[in-house]
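Work through the exercises below with the sequence and the model open beside you. Each task is followed by a solution in steps.

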Amino acid sequence: MNNTINNTNVRLVQVNTTAWEEEDMLLVTNLTDEEIESVVTPIVERERESDDYAYVNNDLADALRRQFPDKVVINYDPSDIDLINI
């Protein structure tokens, strides 16, 4: 199966940065795991080491978009995903 947006392969990635699954972020993206980790890890580590710094998932997505402006980065809160029951 080939998923494309404007001929760009994309995938759904769940990003977990805390012990709480409800704080996970879902990304529709064509970034690699390594690209995501290279941007997200320093932000998460900075928050863990500082009482004066905090982020939300939108901050992480914005940082990814700034670092990789030509890539697809669409973020969703898992609780915002619509469910269709048939």
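**Exercise 1. The largest pocket**

Task: State how much space lies in the largest pocket, and find which element gives the most to its lining.

Solution. The model is a predicted one.
Step 1. The volume of the largest pocket comes to about 190 Å³.
Step 2. List the lining residues: Val-13, Gln-14, Val-15, Asn-16, Thr-17, Asp-33, Ile-36, Glu-37, Val-40, Thr-41, Val-44 and Arg-48.
Step 3. Assign them to elements. Strand S3 covers 11–15, and helix H1 covers residues 33–49. Both S3 and H1 supply at least two residues of the lining.
Step 4. The largest contribution is that of H1, with seven residues.

**Exercise 2. The order of elements**

Task: Count the helices and strands of the protein, then write their order from the N terminus.

Solution. 
Step 1. The protein has two helices and five strands.
Step 2. Read from the N terminus, the order is β-β-β-β-α-α-β.
Step 3. For the overall extent, the C-alpha atoms fill a box of roughly 45 × 35 × 15 Å along the principal axes.

**Exercise 3. The sheet**

Task: Give the strand order of the open three-stranded sheet and identify its edge strands.

Solution. 
Step 1. The order is S3-S4-S5, and the pairing is antiparallel.
Step 2. The edge strands are S3 (11–15) and S5 (73–76), since each of these pairs on one side only.
Step 3. From one strand to the next, the twist averages 25°.
Step 4. Look at the pairing of S3 with S4 (residues 25–29): these strands run antiparallel and are joined by five bridges. Within this pairing, Gln-14 has Leu-26 of S4 as its bridge partner. Gln-14 is also among the residues lining the largest pocket.

**Exercise 4. Helices on the sheet**

Solution. 

**Exercise 5. Rings**

Task: How many aromatic pairs does the structure hold, and which residue lies over the face of Tyr-53?

Solution. 
Step 1. The number of aromatic pairs is zero.
Step 2. The residue over the face of Tyr-53 is Arg-46, at 3.8 Å from the ring centre.

Key
Residues are numbered from 1 along each chain as its sequence is written. This is a predicted model: local features need pLDDT of at least 70, side-chain atom pairs count only at pLDDT 80 or more; totals for chains, interfaces and linings use all residues. Side-chain values use heavy atoms; hydrogens and water are left out. Two strands pair if DSSP finds at least two bridges between them. Helices (H or I, at least four residues) and strands (E, at least two) are DSSP runs, numbered from the N terminus. Axes are lines fitted to C-alpha atoms, for helices over the stretch in contact, and angles run from 0 to 180 degrees between N-to-C directions. Contact means heavy atoms within 4.5 Å. Rings of Phe, Tyr and Trp (its six-membered ring) pair if their centres lie within 6.5 Å; planes under 30 degrees apart count as stacked, over 60 as edge-to-face and the rest as tilted. A charge sits over a ring if NZ of Lys or CZ of Arg is within 6 Å of the ring centre and within 35 degrees of the ring normal. On a 1 Å grid over the protein atoms alone, a cavity is a set of points where a 1.4 Å probe fits but cannot get out, and a pocket is an open set with protein on both sides within 12 Å along at least five of seven lines; lining residues have an atom within 4 Å of a point. Grid points are joined across faces, edges and corners, and a volume is the space filled by probe spheres set on the points.
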